[in-house]
Amino acid sequence: MGAIRRVVVALLVTALFAVAVVAGLAVLYAYQKKPLPLADQCTAHVADLTVPISPEQAHYASIIVGVATQRGLAPRASTIALATVYQESGMLNIDYGDRDSLGLFQQRPSQGWGTEEQVQEPYYASGKFYDALVKVPNWRSGDVNDVAQAVQRSGHPKGYVRHVENARRLASALTGETPASFTCLVKAPPPGDPAGLAEFLEKTLPESSKVSRTGTTVTVKAADSELAWSAAHLAVANHARYGLGSVEVGGRHWTASTTSFAPWLGETTDATTVTITFDNAPTPTAKR
């Protein structure tokens, strides 16, 4: 019986150790605002650094960047906004916070940011952030942490600094400043939804980027190559929602994979047309 008891105790200790390790990793990755290693995720690879985010984070990041681009703001505006939401909400649209803080930016209805419903609407919340950002006199050149603090007036005034480098690289990828730099791995994507993606892109891209759909193909004609790459990356960032098959920009193409991070293959050109296809989309009944 003594030997059996020792084996049982050893197994219990091993199990408790494994649980503690998993819990510790979960806490660590939550603190770093990163997805767990085996989870679905997206990455931006810019300037020799890879930044991982979850598909849900990627969705909200694409909206935040899209609103800045719609307003003609430089990528720096997206960097400041992304550093802010990294710190405030982990880049998630949460329905709780300190006192009455809510949403991506943890905006407080009692401080004039909008109603509870409005500050939890990502497009509205992003727009209100940029409304305040452009009133900061040195937002284009000042320290990112300090500019974010000037907007947010947080109780943790240096909290944004640790997110700046990640935010800068995400902004560079999602604004199209760095071509072919964003990809996603989704192990079980949903059925292709070209109509849903077309609607999302129409709402998120600037007016100069013209979105159309023919059957299971969505096309974006952008004003320049940078905006084309922004559209391509924003589409990929929403693969977990709309089940993309492939994305092509000029001589480069991305094909979704369920087993690895799909690379962008081919040579980068100054193309302004993005073609998005869906392999497993239902047969369309009408053209959009």
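Which residue just after H6 takes a positive phi? The residue is Arg-153, and its phi is about 55°. The structure is a predicted model, and this report goes through some of its parts in turn.

## Helix H6

Helix H6 covers residues 144-152. Seven of its nine residues are buried, so the helix is largely enclosed by the rest of the structure. The buried residues are Val-144, Asn-145, Val-147, Ala-148, Gln-149, Val-151 and Gln-152. Three helices pack against these buried residues: H3, H5 (122-133) and H7 (164-174).

The start of H6 has a contact of its own. There, a side-chain oxygen of Asp-143 comes to within 3.1 Å of the backbone nitrogen of Asn-145. Just after the helix comes Arg-153, with the positive phi given above.

## The largest pocket

The volume of the largest pocket is about 510 Å³. Its lining is made up of 18 residues, and those closest to the centre are Ser-101, Gln-106, Gln-152, Arg-153 and Ser-154. Two elements each give two or more residues to this lining, namely helix H3 (75-89) and helix H6 (144-152). Sorted by class, the lining has ten polar, five charged and three nonpolar residues.

## Glu-88 in helix H3

Glu-88 belongs to helix H3. Its side chain makes a polar contact of 2.6 Å with the side chain of Tyr-160. A polar contact of 3.4 Å also links the side chain of Glu-88 to that of Gln-152, which is one of the buried residues of H6.

Setting aside neighbours within four places in sequence, the residues in contact with Glu-88 are Leu-104, Phe-105, Gln-106, Gln-152, Ser-154 and Tyr-160.

Ala-74 sits in the loop between helix H2 (55-70) and H3. Is Ala-74 buried or partly exposed? Its relative accessibility is 39%, so it counts as partly exposed. Along the chain, Ala-74 and Arg-140 are 66 residues apart, and their C-alpha atoms are separated by 8.4 Å.

Thr-204 lies in helix H8 (residues 194-204). With a relative accessibility of 0%, Thr-204 counts as buried, because buried means under 20%. Not counting residues up to four places away in sequence, Thr-204 touches Ser-62, Ile-63, Gly-66, Val-67, Gln-70, Tyr-123 and Leu-234. Val-65 is 139 residues from Thr-204 in sequence, while the C-alpha atoms of the two are 8.7 Å apart in space.

Strand E6 (residues 246-249) pairs with E7 in the antiparallel sense over four bridges. Ser-246 is placed opposite Thr-255 in E7. The two strands form a hairpin with two residues between them, and in the turn Gly-250 has a positive phi of about 55°.

E7 also pairs with strand E8 (residues 264-266), again in the antiparallel sense, over three bridges. In this pairing, Leu-265 of E8 is the bridge partner of His-253. How are the residues of E7 divided between a covered and an uncovered face? Arg-252 and Trp-254 form the covered face, whereas His-253 and Thr-255 form the uncovered one.

Notes: Residues numbered from 1 in each chain as written. Predicted model: local features only at pLDDT ≥ 70, side-chain atom pairs only at ≥ 80, totals over all residues. Heavy atoms only, no water. 1 Å grid on protein atoms, 1.4 Å probe; cavity = no way out; pocket = protein on both sides within 12 Å on 5 of 7 lines; lining within 4 Å. Points joined across faces, edges and corners; volume = space filled by probe spheres on them. Nonpolar A, V, L, I, M, F, W, Y, C, P; charged D, E, K, R; others polar. Buried < 20%, exposed > 50% of the residue type's maximum accessible area, 1.4 Å probe, protein only. Contact = heavy atoms within 4.5 Å. Polar contact = N/O pair within 3.5 Å; in protein donor to acceptor, adjacent residues only side chain to side chain. Pairing = 2+ DSSP bridges.
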